[in-house]
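Here is a short briefing on one protein chain. Have the sequence and the model open side by side.

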Amino acid sequence: ITNLELDHTDHYPDLESLISTLRRFAGSCGRLLINHDCPVLREHFEAEASWSIERSDGVSYAALPVEERGDGTIADLYIDGRWAARLQIPLPGRHNLSNVTGALGACLMEGVSVAELQQAVGRLRPPGRRFDFRGLWRDRLIVDDYAHHPSEVSATLAMARLMVSSGQSPLPRAPQRLVAVFQPHRFTRTSEFLDGFAEALTAADQVLLAPLYTAGEAPIAGISSETLAAAIRRQAPQLQVEAYASLELLASRLETVTRAGDLVLAMGAGDVNSLWNRLPTDPECSAAPPDVPAAA
């Protein structure tokens, strides 16, 4: 189990109900491996093994970062507190490091050797819709990501910020600024985590909000992309924030409101992933390369 926090509030009324569901899952496992860095898991679950990216003592497996760059992470692998290997991980971001460590722990539990894993880590490739580079459009890097919870948005933006600040990136070029295009997903989630979304999005240099994707939910009075825009402005009055009435309108104005060299990071679980296809096309647009970093 990688982590546990409140989400899907259309179905789970509180965190306790989610914990109960995951405890039933855990009870059905022959062997259980959990993320020790998640306080909810640490408090409510007993597991055969655990992993961490923050400490090597008191856990079964750890990968402690030695160097964090915009194009990957170098980390030291520990097994039961003892150093085992140095890893070259071609995926940036601490959330990716944690996911890799959990996967390594599961493999080690099943008898895969450290040497095999050390080789395999270097061949890691990202899944679709996780920091998915769509192409270069009018000198702007267009990336799609499935992030639709405040923690996911925060982790994805932190990874993108590392590319801007370090000048290192697996993208065709290192971005100069970070523009977040965010589409809130569901009225219930937006209402429950309004301030959390607002805080997470303040990590961008500019925020463009698409209309809320309802996913079939009935409206909640006072909850919309404009509501989220107001919440962001309260937390970061100097941040440029705009809410658009449609994705088509956002796409048509993207060149005007952004700059050459920007990383345009489109996030959400709705149809915001169609932004690339809605942009005006010209010969300068190029398709995505096969290998870019994954977000968890």
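Which strands does helix 4 lie across, and at about what angle does helix 4 run to strand 5? Helix 4 (residues 114-121) lies across strand 4 and strand 5. Its direction makes about 20 degrees with that of strand 5. The model is predicted, and the points below are grouped by topic.

**Overall build**

- The protein chain contains ten helices and twelve strands.
- For 296 residues, a compact globule would have a radius of gyration near 19 Å. The protein chain has 20 Å, which agrees.
- A box of roughly 55 × 45 × 30 Å, taken along the principal axes, holds the C-alpha atoms.
- Of the 296 residues, 50% are buried.
- Take the contacts between residues at least 6 apart in sequence: 65% of them join residues at least 24 apart.

- Five strands make an open sheet, ordered 1-2-3-4-5, with mixed pairing.
- Strand 1 (33-35) and strand 5 (82-89) are the edges. Each has a single partner strand, so one side of each is left without a neighbour in the sheet.
- On average, neighbouring strands of this sheet are turned by 20 degrees against each other, direction ignored.
- Helix 3 (residues 94-109) packs on the sheet. Helix 3 touches strand 1, strand 2 (49-52), strand 3 (61-69), strand 4 and strand 5. The direction of helix 3 makes about 145 degrees with that of strand 3.

- Strand 4 (residues 72-79) and strand 5 run antiparallel, joined by seven bridges.
- L77 has A85 in strand 5 as its bridge partner. T73 has I89 in strand 5 as its bridge partner.
- The two strands form a hairpin with two residues between them. In the turn, D80 has a positive phi of about 50 degrees.

**The aromatic pair**

- How many aromatic pairs does the count come to? The count is one aromatic pair.
- F182 and F197 form that pair, and it is tilted. The rings are 5.1 Å apart, centre to centre, with 40 degrees between the planes.
- F182 lies in strand 8 (residues 177-182) and F197 in helix 7 (residues 194-201). The pair therefore ties together parts that are 15 residues apart in sequence.
- F182 and F197 are both buried.

- H149 sits in the loop between strand 7 (140-145) and helix 5 (150-166).
- Is H149 buried or exposed? H149 has a relative accessible area of 5%, so it is buried.
- Leaving aside residues up to four places away in sequence, H149 touches E5, L6, D7, F193 and F197.

**Positive phi in loops**

- F131 has a phi near 50 degrees, a positive value in a residue other than glycine. F131 lies in the loop between helix 4 and strand 6 (132-137).
- F131 has 0% relative accessibility, so F131 counts as buried.
- R186 has a phi near 80 degrees, again positive in a residue other than glycine. The loop between strand 8 and helix 6 (187-192) holds R186.

Conventions
Residues numbered from 1 in each chain as written. Predicted model: local features only at pLDDT ≥ 70, side-chain atom pairs only at ≥ 80, totals over all residues. Heavy atoms only, no water. Pairing = 2+ DSSP bridges. Helix = DSSP H or I, 4+ residues; strand = E, 2+ residues; numbered from the N terminus. Axes fitted to C-alpha atoms, helices over the stretch in contact; angles between N-to-C directions. Contact = heavy atoms within 4.5 Å. Rg over C-alpha atoms; globule rule 2.2 N^0.38 Å. Buried < 20%, exposed > 50% of the residue type's maximum accessible area, 1.4 Å probe, protein only. Phe/Tyr/Trp six-rings, centres within 6.5 Å; stacked < 30°, edge-to-face > 60°.
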